[in-house]
Amino acid sequence: MTEFRSSFPKDFAWGTATAATQIEGAAFTDGKGLSIWDTFSRSKGRILGGDTADVACDHYHLWADDIKRMQQLGMNAYRFSVAWTRVQPSGRGRAVDRGLEFYDRLIDGLLEAGIAPWVTLYHWDLPQGLEDAGGWTNRDTALRFAEYAHIVAERIGSRAAGIITLNEPWVFTLLGYALGTHAPGKTDLSGAFKAVHHALLAHGLGVAAIREACNAPVGIALSMSSCEPATDSSADERAAAAMDELVNGMFADPIFGRGYPSLLEPFMPAFPLDFEADLKTIAAPIDFLGVNYYFRHVVREPRANAIPEGLSAILRFAGIPVEVVPDAERGHPLTGFGWEVYPQGLHNQIARVHERYKPTALYITENGATYPDILEPDGSIRDLERQRYFELHLEQCARLIDDGVPLRGYFAWSLLDNFEWAEGYSKRFGLYFVDFETQARTLKTSGAWLRDFITQT
Ligand code: FCB
């Protein structure tokens, strides 16, 4: 089939990734508390089409069939997240056994099916009770996270192949507290940088709590993008370096003991006075780094009439003028999100991470694409663009392995079409198509391709 398949070693982890809010549904079942996404999706105009995650893929009830689907895909690993609000409904206090039992059943089912469970502790669903006390802008949230991490690790740690503290802290801090497009929908830049620091502290304290409770390998999943200058002018190169510090270095540097990048200096007044002391906790050694790769950033010195918005507005505040070159102007195909398809960026970014931070092991903890899938009258979904997307990105993974980078696994986003945050159900990323009325799942052409790729010997 594809020549580069042979680059992947026999013990490579092949999986799909999901998140509790996006697939579980059962938002008010068995004592689950309210999360910030439950609240956010109830505030008018926040989610496209007014969608909520109340039912989603009803995976809370259909998990056993979903494990069969993973088996049908030939997967030997599965990355999912635990909903904090099932374990501690308000984010503090005694654990709810019924909530933990769901994850017991899921994990035991996975192990019986020969699928290694990779557990994310926090995939954006902060208990509303903690948000009411300031959420990630409140240092106490980091302490509460460590307590929750200990509860879960003690219960399931001996059965987990790996535990991921946080998923994409960049997204839940900056989109949640600065740009306001994700829950809790705040737009306060200095609060957002406090959130950044507290999320990092939560990770560091979480690592210690997990290690105390079990022997599972521990890591974190960071969203990372290669940041490239539009031209080789020094102004464009400066812009790319600043963007890199903002989207990659802000989390990876402190985690790997390098402290905060200099770009953050203007934001440091928002940090706690003794933040330097926290840096040691944050730099607790980890066993692996997970990277979620979707796209790159191409940036340049701003044109005269460029309006700073989103990331460039944040960078403007730091005194660095940067303009993002729109994806559509880069001459490559785009996904249904309007994201440029740029597989080379996965290679560039992972190679850079390997060189700069030297993590013991690396995993692609998410990679995938949305397209407007069509269910044909014959019941098929011929998503050839997504198939090609996977093929091109796996080719880059193979190159990395050939170059000696310790890439140990690949998790496709996602097993099922699901609740895509602020986009509701309008953006499908699954290997299985989901009919949200009937909960019927249909394997897409890309899923069949991936299965054949993985199971090819
Ligand atoms: C990532 C998220 C994941 C999913 C994909 C498309 O940023 O971690 O939950 O929404 O994007």
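In which loop is Asp30 found? Asp30 sits in the loop between helix H1 (20-23) and helix H2 (36-40), where helices are DSSP runs of H or I with at least four residues and strands are runs of E with at least two, both numbered from the N terminus. The model is predicted: local features need pLDDT of at least 70, side-chain atom pairs count only at pLDDT 80 or more, and totals for chains, interfaces and linings use all residues. Residues are numbered from 1 along each chain as its sequence is written, and side-chain values use heavy atoms, with hydrogens and water left out.

Phi of Asp30 is near 50°, a positive value in a residue other than glycine. Asp30 is partly exposed, at a relative accessible area of 28%; here buried means under 20%, exposed over 50% and partly exposed in between, for a 1.4 Å probe and protein chains only. Lys358 likewise has a positive phi near 50° without being a glycine. Its loop runs between helix H13 (343-357) and strand S10 (362-366), and Lys358 is exposed, with a relative accessible area of 59%.

Turning to the overall fold, the protein chain holds 15 helices and 13 strands. For 457 residues, a compact globule would have a radius of gyration near 23 Å, and the 21 Å of the protein chain agrees with this; the radius is taken over C-alpha atoms, and the globule rule is 2.2 Å times the number of residues to the power 0.38. The C-alpha trace spans about 55 × 50 × 45 Å along its principal axes. Buried residues account for 62% of the 457.

Helix H10 (residues 234-255) has a kink of about 65° centred on Gly249, the bend at a residue being the angle between axes fitted to the seven residues ending there and the seven starting there. Because 17 of its 22 residues are buried, H10 is largely enclosed by the rest of the structure. Just after H10, Gly257 adopts a positive phi of about 80°.

Helix H11 (residues 275-282) contains Asp278, which counts as buried at 5% relative accessibility. Neighbours within four places in sequence aside, Asp278 is in contact (heavy atoms within 4.5 Å) with Arg139, His197, Leu201 and Pro272.

Cis peptide bonds deserve a look as well. The bond from Ala183 to Pro184 is cis, with omega near 5°, and Pro184 belongs to the loop between helix H8 (169-177) and helix H9 (189-213). The bond from Trp413 to Ser414 is also cis, with omega near 15°; Ser414 lies in the loop between strand S11 (407-413) and strand S12 (432-435).
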